[in-house]
Amino acid sequence: MEIIKLKDIIKGDQNYLWEIEKNSFKNKRVHSYELFLKRINMDVAKVIIFEEEIIGGIFLEKLSKENSYRLEEIFIVPKLANKGIGTYILNEIEGIVPELKEIIIDCEIIDNKVLNYLRKNNFKMEKYDGSKEVLIKRI
């Protein structure tokens, strides 16, 4: 899938990206525009480009544990969902963040379909810092 690229978000992308994000999670959890604006300023915030068009985004937050990042969100336009793009991005994530050793996802917001998808992509349910259950993928 060499036609997929990741680029830094520029100011002009934010409203277009917000519309994609809202449509990607239609009838599911929706957060505020203010939270979205915080996410686009995270440690790793990229637009996903397919055939020179923005089709989604990915946001990662660096955690205090060395080389650990929380995957806050990944989303793709609905017309390209289930085409392997999200899987491609998750498998290539170490190219986005070379020092990355583990990706952490909080579990309380994940439905069974997403949970099964993440398990197929080598995420494992574990306790994080001895308390909270999270999904972790070690790179």
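The model is predicted, so local features need pLDDT of at least 70 and side-chain atom pairs count only at pLDDT 80 or more, while totals for chains, interfaces and linings use all residues. Residues are numbered from 1 along each chain as its sequence is written, and side-chain values use heavy atoms, with hydrogens and water left out. The count comes to 11 salt bridges (a side-chain nitrogen of Lys or Arg within 4 Å of a carboxyl oxygen of Asp or Glu).

**Around Glu 102**
- Glu 102 sits in strand S5 (residues 102-106); strands (E, at least two residues) and helices (H or I, at least four) are DSSP runs, numbered from the N terminus.
- Its relative accessibility of 5% makes Glu 102 buried (under 20% relative accessible area; exposed is over 50%, partly exposed in between, with a 1.4 Å probe and protein chains only).
- Lys 65 and Glu 102 pair up in a salt bridge at 3.1 Å, N to O.
- That pair links distant parts of the chain, 37 residues apart, with Lys 65 in the loop between strand S3 (53-62) and strand S4 (68-76).
- Lys 65 is partly exposed at 37%.

**Other pairs**
- Lys 22 and Glu 19 form a salt bridge with closest N and O atoms 3.2 Å apart; they're 3 residues apart in helix H1 (residues 14-24), so about one helical turn separates them.
- Arg 138 bridges to Glu 126 at 2.7 Å between the closest N and O atoms, tying strand S7 (residues 132-138) to strand S6 (residues 124-128).

**Network**
- Salt bridges link Arg 39, Glu 61, Arg 70, Glu 72, Glu 73 and Asp 106 in a network.
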